Amino acid sequence: AIKVLNRQFSANPEMVSRFIAEARAVNQIRHRNIIDIFSFGQLVDGRHYYVMEFLDGATLDAYVADHGRLAFTQALPILRSAARALDAAHQKGIAHRDLKPENVVITVDEDGTPFAKLLDFGIAKLLSSDGGVQHKTQTGAPIGTPHYMSPEQARGRNVDHRTDIYSFGIVVYHCLTGQLPFDGEDYMDILLKQVGQDPPRPSEVCPGLPEGFDAVILWMMAKDPAVRPETL
């Protein structure tokens with residue numbers, strides 16, 4: 001599959017920086033549950049492109065829309081493989097910063113087991129100083145998707161790998177309950193809830209879900225990054 005940057009964005013240095021940073025970040029991580037990018041370059045008309053593996057599957061949001069909320073046994077192999085991908089990125093000093101179901105593709109292993117492929121590291125941030133991804137975003141500008149954005153990211157503050165832990169908690173919440181913890185009339189309304197409102201307990205939203213899941217999911221969704229688990 002070939003991803004080509006739109007012509008209007010190819011003239012924007014920040015967008016080009018993000019595009020190239022995505023390819024470099026993915027190649028730096030090199031993990032089974034992260035999409036492979038084989039090469040990148042520039043077309044004669046100035047547009048940037050990269051060549052990546054073609055995935056035969058559906059995004060997680062489409063998968064949940066088709067199947068409804070997932071039973072834990074259905075969700076486990078998908079969530080486990082996505083968690084492994086994030087942990088691999090974090091070990092390389094890279095935070096995804098835009099984790100959401102649209103960026104998780106569900107494909108099938110040789111034995112028929114579904115597993116996840118994580119993609120779209122377009123706003124990934126290098127956490128350590130010794131790596132090869134140099135892209136930086138404008139300070140104070142919240143970048144991401146509001147329904148899955150951590151409180152610190154919503155405030156436009158510097159974030160680390162724990163922002164992905166928070167977003168992953170919302171992905172788990174959505175998969176197991178079929179609903180989002182926060183919604184609103186507009187972008188800002190959702191961000192304010194991410195920052196200052198506690199989410200409903202998953203077992204209250206979905207009565208069939210065992211209460212034992214509440215503590216784990218809400219731990220990942222703690223407002224204070226220091227309270228969240230360090231790894232997945």
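## Residues with positive phi

Asp120 is partly exposed, with a relative accessible area of 24% (buried is under 20%, exposed over 50%, partly exposed in between, with a 1.4 Å probe and protein chains only). Helices (H or I, at least four residues) and strands (E, at least two) are DSSP runs numbered from the N terminus.

Arg30 is another residue other than glycine with a positive phi, about 50°. Its loop runs between helix H2 (13-29) and strand E2 (37-42). Arg30 has 66% relative accessibility and so counts as exposed.

## Basis of the values

This is a predicted model, in which local features need pLDDT of at least 70 and side-chain atom pairs count only at pLDDT 80 or more, while totals for chains, interfaces and linings use all residues. Residues are numbered from 1 along each chain as its sequence is written, and side-chain values use heavy atoms, with hydrogens and water left out.

## The H4-H6 pair

The axes of helix H4 (residues 72-91) and helix H6 (residues 162-177) come within 11 Å and cross at roughly 170°. Axes are lines fitted to C-alpha atoms, for helices over the stretch in contact, and angles run from 0 to 180 degrees between N-to-C directions. H4 and H6 are therefore roughly antiparallel to each other (over 145 degrees; under 35 is roughly parallel, 65 to 115 roughly perpendicular, the rest oblique).

In contact (heavy atoms within 4.5 Å), the H4 residues include Phe72, Leu79 and His90, and those of H6 include Asp164, Phe168 and Leu176. By class, this contact has 11 nonpolar, one polar and one charged residues (Ala, Val, Leu, Ile, Met, Phe, Trp, Tyr, Cys and Pro are nonpolar; Asp, Glu, Lys and Arg charged; the others, Gly among them, polar).

## The E4-E6-E7 sheet

Three strands form an open sheet in the order E4-E6-E7, with antiparallel pairing; two strands pair if DSSP finds at least two bridges between them. Strands E4 (58-59) and E7 (114-118) are at the edges with a single partner strand each, so one side of each has no neighbour in the sheet.

Strand E6 (residues 104-108) is joined to E7 by five bridges, and Val105 has Lys117 in E7 as its bridge partner. H4 lies across E6 and E7, at about 30° to E7.

## Helix H9

Asp214, Ile217 and Met220 are buried in helix H9 (residues 212-220). Viewed down the axis of H9, the buried residues fall within an arc of 135°, so they line one face of the helix; the arc is that of the directions from the helix axis to the C-beta atoms. These buried residues pack against H6 and helix H8 (202-205), whereas Gly212 and Ala215 are exposed on the other side of H9.
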